[in-house]
Amino acid sequence: MSSPLSKPQIIAHIQKSLNYTVFDSKWIPCSAKFVCLGNFPRGSGVIQIYEVQHGEAQLVTEVEKPKSLKCGTFGATTLQQRHIATGDFDGNLNIWSLEAPEAPLYAVKAHREIVNSIDGVGGLGIGDGAPEIVTGSRDGTVKVWDPRQKDLPVANMEPVEGETKRDCWTVAFGHAFNDQDRCVCAGYDNGDVKLFDLRNMSLRWETNIKNGVCSVEFDRKDIDMNKLVATSLEGKFHVFDMRTQHPSKGFASVSEKAHKSTIWQVRHLPQNRDIFMTAGGAGNLHLWKYEYPAKRSKKDSDGVDVGVAGSVSLLQNVTLSSQPIASLDWSPDKQGLCLCSGFDQSVRVLIVTKLNVV
């Protein structure tokens, strides 16, 4: 029987109260700093940069912006520049230098309504090919941007004429394992999960998980698609095995009812793709491990390969707040260092122990 202390522990190392609503928080790569994005009660946006020093988070920079900021990513920048791309409540996509964040380096009116979600690939040494940013919006569209190209998206996935526009809540890059292939996964408020192939500019696969899709993430962006996690409103998440696509059945999946409320975020551990954390609407975090089956595919009655889903086990869970935890980010540099922020107007630095032994 293993003792409780042999399991990973989730320790709240630093808690910082903020005077605004924080929607997203991200580690700045190769540093002990993190950035928080949100909005003041008066409706303006804010970018704050903190540095972790001597067990405390010290405010380094604060800049107010005209529009409330919803989401951000470092995924399309270089390790030298570390520019952050943000989406705001007015549909704008901006790229900022954190050394001089007063004016954007790149600005485009990306959507007619709020940018709900943003992701980047091709930067930070993750994913082959051009640096690209994907944005998903309430206006129903998913757009892919090249920061080297002004004004026009390189891809625009929108409903065809006559189709109802669904609110896109979450987007993620994946399958960027060479300089031609790349996929975008998008989740919508009606439970649709759509996988767009950017190489062929086609819809590769779609399914519906019955509830609004709050967060999607591939376990790695820069490998041949391996796994995808999608989380939903009713506290359920689905893990899809993306290695084997059946012509009619699609991808095999396993689902888990984890939280009693909405699962706002899922984030895979950068140092181990089979460990991931979910953040819930009741202020809790759950740490999970995915176990592969003995064989990941089998032949169906027609001799066609069909995927076999694995299983998910809970490693640890903790309640940090009475309010939803809306953003979650693992440090790419230090295993087990985690950042989360929520609607209690707090940002927390967490330490998750014993991740190397699970």
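**Close-up views of a predicted model**

Cys214 is buried, at 14% relative accessible area. Buried means under 20% relative accessible area, exposed over 50%, and partly exposed in between, with a 1.4 Å probe and protein chains only. This is a predicted model: local features need pLDDT of at least 70, side-chain atom pairs count only at pLDDT 80 or more, and totals for chains, interfaces and linings use all residues. Residues are numbered from 1 along each chain as its sequence is written, and side-chain values use heavy atoms, with hydrogens and water left out.

**View 1. Cysteines without disulfides.** The structure holds zero disulfides. A disulfide here is a pair of cysteine sulfur atoms within 2.5 Å. Cys30 is in none; its nearest cysteine sulfur belongs to Cys338, 18 Å away. Cys30 counts as partly exposed, at 47% relative accessibility. Cys214 is in no disulfide either. The nearest cysteine sulfur to Cys214 is that of Cys168, 12 Å away.

View 2. His111 sits in the loop between β9 (106–109) and β10 (115–121). Strands are DSSP runs (E, at least two residues) and helices are runs of H or I (at least four), numbered from the N terminus. His111 counts as buried, at 2% relative accessibility. Its side chain makes a polar contact of 2.7 Å with the side chain of Thr135. Another, of 3.3 Å, joins the side chains of His111 and Asp139. A polar contact is a pair of N or O atoms within 3.5 Å; within protein, one must be able to donate a hydrogen and the other to accept it, and residues adjacent in sequence count only if both atoms are side-chain atoms. Not counting residues up to four places away in sequence, His111 also touches others, including Asp90, Gly91 and Lys143. Contact means heavy atoms within 4.5 Å.

View 3. Over residues 133–146 the chain is 64% strand and 0% helix. The end C-alpha atoms are 6 Å apart.

**View 4. A four-strand open sheet.** The strand order is β22-β23-β24-β27, with antiparallel pairing. Two strands pair if DSSP finds at least two bridges between them. β22 (263–269) and β27 (311–319) are the edge strands, each pairing on one side only. Inside the sheet, β23 (residues 272–280) and β24 (residues 284–291) pair over five bridges. Ile275 stands opposite Lys289 in β24.
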